[in-house]
Amino acid sequence: MKKTWKKLFCRLLAGTMAGVLLMGTAGCKGGEKEEKEKEVVMGRYLEEEIPLPEGAQGIVEATRLSDGKLALLGYDEQYMTHYWQSADDGETWEEQGNMPQELKLADGEQQTAMSVGAIRQDGAVLCVVTTYDVDTADVVEDKTYIRNTDGTYTEVNMKYPDGFTQAIDIKWLSDQEVIVQDSVVGLYEMDLSDGSVKNQFIEEGQVFTTFGIVENYLIVVGADEISYYDLDTGKIEEEDSALTEQIKNSGADQNLTSYGTSPLLICQKGKDGKLFYCDSTGIYSHVIKGNAMEQVVDGKLNSIGDPSVGLMGMFLGDENAIYLAVSTGEEHQLLKYAYSKDTPSVPSKEIKIYALEENAELQQAISLFQKENPDYYVSLEVGMSEDNSITATDALKTLNTEIMAGKGPDLLMLDGMPVSTYEEKGMLSDISDVIEKVDKSEGILDNIQEAYTKENEIYEFPGRFSIPLVVGPKDQIEAMQTLEGLTKVAERYSETNDSVRLFSDMTPEFLSESLVDGAYAAWIQEDRTLDENLLKEYFESVKKLYDTDSHDEQLRENVVMQNYPHLELSYVDGMVLQIYGKECAAAVGNLASPDGFSQITSCMNNMEDTKIDYEVWNGQKEGCFSPVMLMGVNSKSKNQEEAKAFLEFLYSEKAQRLSMGYGLTVNEKVYDSQEYWAVGDGTTVGYTVQDGDGVERQVFLNMENSSADQVKKIQEIGKSLNTPSQLDKTVMEAVRGQLTDYIDGKIELDEAVQNVIQKVNLYLAE
């Protein structure tokens, strides 16, 4: 069974564009006025997808052989490995070998599969065959073979050093030498003639994510350092400052990499130290120890900039062609970038988008929009990235200054911003025509439309929304729907249960982020001031809920919350997994994806001792939903039509079917479809927990698709919600600080509430 591990935080990889328009001056005779005409610079790499061989469901490795053929090592629906070659650039493929069949691999109590492979330039393939236990997934043994060009196999006795775990990547150095990567802690140069280790490149304790080979250089990239080795001596070489700078500034997170993908790729181009380098910002040409990194493919104009795309491999073809093997969730693709001299180097239409915080779903939509509309260039500016410490107040001051000066963006993602203020000051254009057009063709959820329609006009509209839910014991779930009811259940629970916590261990800030979507809308009064009594009730209740359980102080010291979007701090499905693992009994938070819902229903279906259920989290106000990716057009923008063209795409079925867990679709056609919710089956999620004695315990949940009845229930719940819980980042920063001080006993309740009201009311009145 294939296993995927869900990560709590997602990071958006951003890039910048390198393109110019040259201005030409034409002189006129007879005293005629000179005119400046734009000269469009031509030439750009365009992306196309190379169809995979029939039956291929995934890529292990792809490359171009010395005879010019494409070669692909991949697997079928049963994850059995096959080998194909193509003599016509992927138009047709010829199967060269069926590895499990040729090696006579059999299933049983122990299963065997080819875990990794590497294709040599003459077409030979190095195969690492792993045998593992069906029940525990523990590796029993690894065997290494060379599949020769005539289809025969030669076993290689690899003499790995003590402590070697499993090969996860292999690259050929010569006919008899390879570099083998052992997880993220080992990198070895090995001689296949006798299986010996010639060089070991990673020091003990050093961690890395990827490596590349260019002539005699081995480039090793880690989260903290980038090392250059001489392959002859195995010694550290002087760094390539230009390449190092590009890697460090790429935006790629070297701490986050998954099996089979990498945050960046490096491949050799001919001789003389030439290479191509790829990260999420694009593809670059470079010469080792040279001063320049020349961008040849702009990642923002194709799939490279899509945050759902994982880089797997890169190789070169004839006539300036570049090939990428990529992962897009469960699907793998082989992409080709070919130079087109007849295409403008820079798109003729430009759209600027501003977001206070990063949003991978928006970046994915931008990438797909540009791929389908090559005459558009869409740039995204993020005010509060993970790398800076700027406050929401400071970021918005800068934005507002630019808008008033006529230099602001065309589109605003209004999440966390003072939306009502922007409306009142006439800073947003009516986009009801966009919503009406999509509604007529595909449908937009009626309740979401009604929530944002004012006198037949719409000034902002979400690209996604999430549903606040409470999950807990089935016999108590109804009483847990409100803040008051949940607090009473918690107090009773703490008196009668001492073996299992009510909530997972979390900081006061995390607890508040989970609860606030069912409360925030109740605080904001018609005059836009805060309701003191309801805010006070919220503070009191959160403290009671926090005090229900004991807490690990070390956890609070290690948690860093600054600049993470609210939604990422409040996913309910991850907390429900801890209910399944018997770490806690209840959870409150946002349901933001079909995958998250499948995780909830899978937990419900597979819990043996305790029956759990879920309901809408009404908190202090009924019927709240959490708008995500709330979009508005800057009324001062000169690109109104271009901005609306992007919005029309954003709300369309094609873009709304994309899902990276940042919210549920607002497109009715997608929302009502069964296939949108039919996710999860065949995957496994899990986590590792350590008890007080340091003993680790692993929790695994085999996911399954939600049933038709379960899907119908959540669909109806989503359509019943009518009040946007539109959080303002500045208000939430004020609440967070005072609430934490109150819970920690540093300040009294009345003083904490008054501090928030004074700061927020002054801000809301501006």
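How many bridges join strand β17 to β18? Five, and the two strands run antiparallel. β17 covers residues 217-221. Strands here are DSSP runs of E with at least two residues, helices are runs of H or I with at least four, and both are numbered from the N terminus. Two strands pair if DSSP finds at least two bridges between them.

Before going on, some background. This is a predicted model, where local features need pLDDT of at least 70, side-chain atom pairs count only at pLDDT 80 or more, and totals for chains, interfaces and linings use all residues. Residues are numbered from 1 along each chain as its sequence is written, and side-chain values use heavy atoms, with hydrogens and water left out.

Back to the sheet. It is open, with three strands in the order β16-β17-β18 and antiparallel pairing. From one strand to the next, the twist averages 20 degrees. Within the sheet, Val 220 stands opposite Ser 227 in β18.

Helix α2, residues 241-248, lies across β17 and β18, at about 145 degrees to β18. Such angles run from 0 to 180 degrees between N-to-C directions, with axes fitted to C-alpha atoms, for helices over the stretch in contact, and contact means heavy atoms within 4.5 Å.

Now the cysteines. There are zero disulfides, a disulfide being a pair of cysteine sulfur atoms within 2.5 Å. Cys 267 counts as buried because its relative accessibility is 8%. Buried means under 20% relative accessible area, exposed over 50%, and partly exposed in between, using a 1.4 Å probe and protein chains only.
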